[in-house]
Amino acid sequence: MMKKRIADILLSDSPADRMEVWGWVRTKRESRDFVFLEVNDGSCLKNLQAIVSADTVGFDLLDRASTGAAVHLEGSLVKSPGQGQRWELRARRLEILGEADTTYPLQKKRHTDEFLRTIAHLRPRTNKYGALNRIRAELAFGVHRFFHDNGFFHVHAPIITGSDCEGAGEMFQVTTLDLGNVPRKDGKADFGQDFFGREASLTVSGQLAAENLACALGRVYTFGPTFRAENSNTPKHAAEFWMIEPEMAFAGLPDNMDLGESCVKWLIGHLLDNCRDDLELFGNFVDKDLFATLDNIVSQSFVRIPYTEAVNILKAASRTFEFPVDFGADLQTEHERYLTEEYFKRPVIVFDYPKEIKAFYMRLNDDGKTVGAMDVLVPRIGELIGGSAREERLSVLERRIEELGLPKEEYWWYMDLRRYGTVPHAGFGMGFERLLMLVTGMANIRDVIPFPRTPRHLVF
């Protein structure tokens, strides 16, 4: 039988003469007759107070029950006379499972996020990061539930790939070659002698594989790690992050925008219903406007405007941007935040971008200048979702690949989808960590993933 968690104990309907608790000591407070231990097992934000008296078996071990120590307690669950807690444990037996010596860094004081990144193996034990990881877990569950309930099949895209989905070349290479003695051919590394007999990399996206499966199963989604060898140290970028990537056959750009909007709203609503206590920690201590922001997203329709209109709005703005606004240039975070926070004051979907700034697989519009791309922009974060209608016409796709100078032979199987029963289809990618930043108010992606991978940083 599974041991009872503190989260479940705190929801008990009645007292219990025999109750066992396992957890870590958060604080210890002594009075004349009793010692009060606040114990937490990670299952919820709240602690369970245990009262240890002189007749408790193990009372002599209390000196070892310091902050961070792991303990096992047995006793009676009784109503608590104290405010803010319904139950407490009157301990009959105390056992120390693991001591925490005086070097334990998480003492009862406020720690900065920067310091906690240096002890990422311990920071989940703090209230803030315990709450964040529970929110992350519930949000991941919500992703699967949303897509399952909407008729999508969960599929698994390869992590090791020979294709550059984005065409940007910012990929981590995978090799078994001896880097101290790399075989060479025609002056270049001879990957024909490597494990796969060709160059291989970590995936930047599961999209191409998801398109393949959508053209057989109809609606699919991937949810997994992706990797970008982008030397960027901004608060929004990491070298390893998780992506939610749905793909739909028999769908176009309007269907894609509908799915993106409904997905964001549903996931936020799911968290508001299931993680209220943990979210309130962030609403109280990280972003005082958090719940107003989330309620605003859930309660209103997203604005939908073409790229040209977005640029016109930005050019007419009565403020100066750090990055100039020009037709044909991609929008920067400051532009995206202006649209969502100042101009429209709600999420915005920008669509029909110039083809020059978007990937080869996006469907070319009839004007020959723009593609059926979309970005979902939200307050505080900027771009949360990037997606498009996919180019289903073989001749157009081949021409786009040639225009961008991509190796056509690497996409033979992708073009086969257009040869054999091609259909209009669409999909998007949503950054899971950016969604977490939105729902918690956290300002740095390094603080919403347990072990961040960034340039010059590979610890834990």
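Reply: Happy to! Please keep in mind that this is a predicted model. Let's start at Phe147, which touches Phe152, Tyr221, Ile244, Pro246, Leu259 and Cys263, leaving aside residues up to four places away in sequence. Phe147 belongs to the largest nonpolar core, a group of 59 residues. Together with Met374 and Met430, Phe147 touches the most other members of that core. Apart from it lies another core, made of 33 residues, including Val303, Leu331, Tyr338 and Phe360. As a general background, nonpolar side chains in soluble globular proteins tend to be buried together.

Ile159, Ile160, Phe195 and Phe196 make a nonpolar surface patch of about 400 Å². Is Phe196 buried or partly exposed? Phe196 has a relative accessible area of 45%, so it counts as partly exposed. You can find Phe196 in the loop that links strand S10 (188-189) and strand S11 (200-202).

Strand S11 leads us to a sheet. This open sheet has three strands, in the order S7-S11-S8, with antiparallel pairing. Strand S7 (160-161) and strand S8 (173-174) stand at the edges with a single partner strand each, so one side of each has no neighbour in the sheet. S7 and S11 run antiparallel and are joined by two bridges. To spot a bridge pair in the model, look for Thr161, whose partner in S11 is Ser201.

How values were computed: Residues are numbered from 1 along each chain as its sequence is written. This is a predicted model: local features need pLDDT of at least 70, side-chain atom pairs count only at pLDDT 80 or more; totals for chains, interfaces and linings use all residues. Side-chain values use heavy atoms; hydrogens and water are left out. Patches are made of residues with over 30% relative accessible area and no salt bridge: like charges are joined within 9 Å, nonpolar side chains (Val, Leu, Ile, Met, Phe, Trp, Tyr) within 5 Å. Accessible areas come from the Shrake-Rupley method with a 1.4 Å probe; for residues, only the protein chains shown count as cover. A salt bridge is a side-chain nitrogen of Lys or Arg within 4 Å of a carboxyl oxygen of Asp or Glu. Helices (H or I, at least four residues) and strands (E, at least two) are DSSP runs, numbered from the N terminus. Buried means under 20% relative accessible area, exposed over 50%, partly exposed in between (1.4 Å probe, protein chains only). A nonpolar core is a set of buried Ala, Val, Leu, Ile, Met, Phe, Trp, Tyr and Cys residues joined through side-chain atoms within 4.5 Å. Contact means heavy atoms within 4.5 Å. Two strands pair if DSSP finds at least two bridges between them.
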